[in-house]
Amino acid sequence: GDFPLLLDVDMQLRIRLQLHGCTNRPFYRLVVAGRKFKRNGRHLEQLGSYDPLPNKKGEKLVALNYERIKYWLFVGAEPTKSAAKLLGLSDILPVSPRSYLEAARRRENPKPAPKETPTDTDSSEEESGEDSGTAV
């Protein structure tokens, strides 16, 4: 059966994201686990969830148990980089410097808009009756 997980005094605790979901559809759970536990292995407690793919309204859904996160941080659990970024964006921790760097990088180099094919302009010239320079 299930045995309670005994905490070692020296166990280093991490708040990390566990990857769930399927191919091309990631889903994460925010959990407290020992440093030496596998990424998707056993954990002490689930603290929340995070869906990185936007829904129909363009929102990325995050559900966090604020009280338990504060407790585990007080006990000494250290968040990983990705968990710290998520907790920073939700005002539990100070905003991670990585978030500022990524925002600045996106402002400097925005993603290019998809290019439209020029098929509409070619057909409008032919319809106007202008001779395109080809002799028959």
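Aspartate 91 sits in the loop between α2 (81–89) and α3 (97–108). Helices (H or I, at least four residues) and strands (E, at least two) are DSSP runs, numbered from the N terminus. The model is predicted: local features need pLDDT of at least 70, side-chain atom pairs count only at pLDDT 80 or more, and totals for chains, interfaces and linings use all residues. Residues are numbered from 1 along each chain as its sequence is written, and side-chain values use heavy atoms, with hydrogens and water left out.

The backbone at aspartate 91 has a positive phi, near 65°, in a residue other than glycine. Most residues other than glycine have a negative phi. Aspartate 91 is exposed, at a relative accessible area of 65%. Here buried means under 20% relative accessible area, exposed over 50%, and partly exposed in between (1.4 Å probe, protein chains only). Asparagine 24 also is not a glycine and has a positive phi, of about 60°. Asparagine 24 belongs to the loop between β1 (13–22) and β2 (25–34). With a relative accessible area of 73%, asparagine 24 is exposed.

The whole structure contains 4 salt bridges. A salt bridge is a side-chain nitrogen of Lys or Arg within 4 Å of a carboxyl oxygen of Asp or Glu. Side chains of opposite charge can pair when their charged atoms come close.

One of these salt bridges joins the side chains of arginine 14 and glutamate 78, at 2.7 Å from N to O. Arginine 14 lies in strand β1 and glutamate 78 in strand β5 (residues 78–79), so the pair ties together parts 64 residues apart in sequence. Arginine 14 is partly exposed, with a relative accessible area of 21%. Glutamate 78 is also partly exposed, at 45% relative accessibility.

Aspartate 51 is found in strand β3 (residues 45–51). Its relative accessibility is 13%, so aspartate 51 counts as buried. Aspartate 51 forms a salt bridge with arginine 25, with 2.9 Å between the closest N and O atoms. Arginine 25 lies in strand β2 and aspartate 51 in strand β3, so this pair ties together parts 26 residues apart in sequence. The two side chains are also joined by a polar contact of 2.9 Å. A polar contact is a pair of N or O atoms within 3.5 Å; within protein, one must be able to donate a hydrogen and the other to accept it, and residues adjacent in sequence count only if both atoms are side-chain atoms. Arginine 25 is partly exposed, with a relative accessible area of 37%. Leaving aside neighbours within four places in sequence, aspartate 51 is in contact (heavy atoms within 4.5 Å) with Arg25, Pro26, Phe27, Lys60 and Leu61.

Another salt bridge links glutamate 45 and arginine 68, with the closest N and O atoms 2.9 Å apart. Glutamate 45 lies in strand β3 and arginine 68 in helix α1, so the pair ties together parts 23 residues apart in sequence. Glutamate 45 counts as buried, at 19% relative accessibility. Arginine 68 counts as partly exposed, at 29%.

Helix α1 (residues 66–75) also holds phenylalanine 74. Phenylalanine 74 is exposed, with a relative accessible area of 74%. A nonpolar surface patch is formed by Tyr71, Phe74 and Val75, with about 350 Å² of accessible area together. Patches are made of residues with over 30% relative accessible area and no salt bridge; like charges are joined within 9 Å, and nonpolar side chains (Val, Leu, Ile, Met, Phe, Trp, Tyr) within 5 Å. Accessible areas come from the Shrake-Rupley method with a 1.4 Å probe; for residues, only the protein chains shown count as cover.
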